[in-house]
Amino acid sequence: MSTETTTTGNEQSLAMSWRSLAIVGVLTALLGVLAIVFPFVTGVSLSVLLGVLLVAGGFMHVAHAFTAQGWKGRLWQVLLAGLYGVAGIALLVNPLFTLATLTLILAAFFFADGIIETIMGLRLRGESGWAWLLASGVLGIVVGAAIWIGWPSTALWVVGLLFGINLLSTGLSMLMLAMGGRSHVRETEDISQPGTKPRGA
């Protein structure tokens with residue numbers, strides 16, 4: 001009973017907000033396309049953003065250290081603030097270094113994730129979907145190795161490209177959800193109007 005009520009509530013909420021969700025989805029997808037088309041600019045922008053966030057985090061640590069009177073961790077807060085500030089300024093001064101470092105981290109992540117998925121796929125051999133898991137693992141190893149071998153030139157596009165793909169997929173999924181809400185609205189309108197045939201009938 002409660003599950004049905006929750007499901008109906010979610011459908012009604014989605015039906016009421018499908019237009020705004022569609023707009024956000026389209027904008028997100030467009031940003032993803034731009035990031036894919038201009039991966040280097042996107043990667044540098046992300047590096048600068050990370051630097052800004054670290055500097056802001058440093059200021060927040062300082063503010064907390066001087067507003068929390070008598071707190072024993074005050075000295076550590078100041079040290080953390082200094083660490084955040086130095087790291088943030090370093091990223092802002094040299095965003096290309098950050099981009100190169102993030103690329104190496106991504107390469108290591110893909111490689112490690114690929115090895116784990118490959119081992120899992122082999123251990124689950126014969127189970128449903130094991131081949132897909134194995135293929136995903138092998139692909140992860142290949143992608144990680146390719147990024148590593150091509151480094152540092154891959155730093156010019158890898159981070160921005162992957163970020164763009166993520167934005168594009170997120171935007172498209174939001175758009176599909178919005179279209180589902182729109183369909184729900186139309187079906188509700190057809191049912192509420194007597195003598196009207198359902199769409200597609």
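## A walk through an all-helix model

Trp157 sits in the loop between helix H6 (130-150) and helix H7 (158-192).

A word on where this comes from: this is a predicted model, where local features need pLDDT of at least 70, side-chain atom pairs count only at pLDDT 80 or more, and totals for chains, interfaces and linings use all residues. Residues are numbered from 1 along each chain as its sequence is written, and side-chain values use heavy atoms, with hydrogens and water left out.

**The overall picture**

The protein has 7 helices and 0 strands, giving the pattern α-α-α-α-α-α-α along the sequence. Helices (H or I, at least four residues) and strands (E, at least two) are DSSP runs, numbered from the N terminus. Of the 201 residues, 26% are buried. The accessible surface comes to about 13300 Å², and carbon and sulfur atoms account for 74% of that. These areas come from the Shrake-Rupley method with a 1.4 Å probe, and for residues only the protein chains shown count as cover.

Now for contacts, meaning heavy atoms within 4.5 Å. Among those between residues at least 6 apart in sequence, 74% join residues at least 24 apart.

**A nonpolar patch**

Trp157 also belongs to a nonpolar surface patch of about 930 Å², together with Leu31, Val33, Leu34, Val37, Phe38, Phe40, Val41, Leu96 and Leu156. Patches are built from residues with over 30% relative accessible area and no salt bridge; like charges are joined within 9 Å, and nonpolar side chains (Val, Leu, Ile, Met, Phe, Trp, Tyr) within 5 Å. A salt bridge is a side-chain nitrogen of Lys or Arg within 4 Å of a carboxyl oxygen of Asp or Glu. Which helix gives the most to the nonpolar patch? That's H2, with 4 residues. Helix H2 (18-37) and helix H3 (39-67) each supply at least two.

The expected span of a helix is 1.5 Å times one less than its number of residues. Here is how two of them do:

| Helix | Residues in helix | End-to-end C-alpha distance | Expected span |
|---|---|---|---|
| H5 | 29 residues | 42 Å | 42 Å |

In H6, the buried residues are Leu134, Gly137, Gly140, Gly144 and Ile147. Seen down the axis of H6, they fall within an arc of 160°, so they line one face of the helix. That arc is taken from the directions from the helix axis to the C-beta atoms. Why can residues three or four places apart point the same way? An α-helix has 3.6 residues a turn, so residues at that spacing do. The face of H6 turned away from its buried side carries the exposed residues Trp132, Leu139 and Ile149.

Gly114 is in helix H5 and is buried, with a relative accessible area of 0%. Leaving aside neighbours within four places in sequence, Gly114 is in contact with Gly137, Gly140 and Ile141. Gly114 and Gly140 are 26 residues apart in sequence, with their C-alpha atoms 4.3 Å apart.

Over in helix H7 there's Leu167, which counts as buried at 19% relative accessibility. With neighbours within four places set aside, Leu167 is in contact with Thr28, Ala29, Leu31 and Gly32. The C-alpha atoms of Leu167 and Leu30 are separated by 8.4 Å, though the two are 137 residues apart along the chain.

Key:
Buried < 20%, exposed > 50% of the residue type's maximum accessible area, 1.4 Å probe, protein only.
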